[in-house]
Amino acid sequence: MAASFRTWHCLMLALLLLAPAAHGQLSPSFYSRSCPTLGLIVRATMIRALLAERRMGASLIRLFFHDCFVQGCDASILLDDVGSFVGEKGAGPNVNSVRGYEVIDQIKANVELVCPGVVSCADIVALAARDSTVLLGGPTWAVPLGRRDSTTASQSLANSDLPSPASDLATLISAFGNKGLGPQDLTALSGAHTIGFSQCQNFRGRIYNDTNIDAAFAALRRRTCPAAQGSGDGNLAPLDAQTQLLFDNAYYRNLLGQRGLLHSDQVLFNGGSQDALVRQYSANPALFAADFAAAMVKMGNISPLTGSAGQIRANCRVVNSS
């Protein structure tokens, strides 16, 4: 009797350990049996996407951020406006700004060929953000999986919950705090601005009005960003002029030299609560890498749909027809 009980106990323990995303929790092994090649498919598609346009890596990290901050990490940002359905793509922070939808579509199509109806668009967005970081020279991490896709979107929440590039430090800390992310997470995640570009309309106020800015840096940025609103609004400048396509800690060194491109960047180092951490990250790339990876996992855990909630969309851009 004792032997059989031990056998049963061991069997149940093994099943619990093997069961992916048990009790609605996310797990890196969620698709280990249902789609074991998922990671390889995503990585291969991402390599092709970044070979075509290296900047796309930054865009996909931003896509993940803009998804998770609105309704949680549920792929709601991917939904197109269809008929009376209004999605988040037209929201102020997203319109003519967020990119990478076509890459997510391609990953989804490639995954569906091998594992039809299994992998959510929300998980694909999370994996694409991780692979973008790794392929551009940044840290890696195990991505918890098992999210499901929303059947709703909220343009109003996208307009209210995504922080503006003109935000001050208190506003940023509050916006991140509302999502369960602390000031350290804010400062670490802002380090994603070590790659990518921003539009003139997002930093015009910084380079013409802010006083805590390196004069030579401001003059350089003004060359391609006219002072008049509506003139050159879409002109791009690198968020990190030193290594704009390499994921490193140069962003923080820029802040020390008052060369943050956005107002919301420089407020992290302006005599406030995050100054010490910015100094640490500028001097210790390993610390930044570890904190960034941990913060990305934490952000990926914002209000996911799991279990029977939501759905697995067949097409990331539209809700499944009932």
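**Annotated site, pocket and cavity**

Guide: Gly-72 is buried, its relative accessible area being 3%, where buried means under 20% relative accessible area, exposed over 50% and partly exposed in between, with a 1.4 Å probe and protein chains only. This is a predicted model, in which local features need pLDDT of at least 70 and side-chain atom pairs count only at pLDDT 80 or more, while totals for chains, interfaces and linings use all residues. Residues are numbered from 1 along each chain as its sequence is written, and side-chain values use heavy atoms, with hydrogens and water left out.

Visitor: Is Asp-67 buried or exposed?

Guide: Asp-67 is found in helix H3 (residues 56–68), and, not counting residues up to four places away in sequence, Asp-67 touches Gly-72, Cys-73, Asp-74, Ala-75, Ser-76 and Ile-77. With a relative accessible area of 0%, Asp-67 is buried.

Visitor: What is the largest C-alpha distance among the residues of the "binding site" annotation?

Guide: The unreviewed UniProt entry gives the annotation "binding site" to Asp-67, Val-70, Gly-72, Asp-74, Ser-76 and Glu-88; these residues are spread over 22 residues of sequence yet cluster in space, with a largest C-alpha distance of 12.9 Å. Positions follow the numbering used here, feature names are shortened, and such annotations may be inferred rather than shown by experiment, so the value to keep for this cluster is 12.9 Å.

Visitor: Which element gives the largest share of the lining of the largest pocket?

Guide: On a 1 Å grid over the protein atoms alone, a pocket is an open set of points with protein on both sides within 12 Å along at least five of seven lines, a cavity is a set where a 1.4 Å probe fits but cannot get out, and lining residues have an atom within 4 Å of a point. The largest pocket is lined by 43 residues, with Arg-62, Phe-65, His-66, His-193 and Leu-262 nearest its centre. The largest share of that lining, six residues, comes from H3.

Visitor: Which helix gives the most to the lining of the largest cavity?

Guide: The lining residues of the largest cavity include Phe-64, Trp-141 and Met-296. The helix that gives the most, with three residues, is H14.

How values were computed:
Helix = DSSP H or I, 4+ residues; strand = E, 2+ residues; numbered from the N terminus. Contact = heavy atoms within 4.5 Å.
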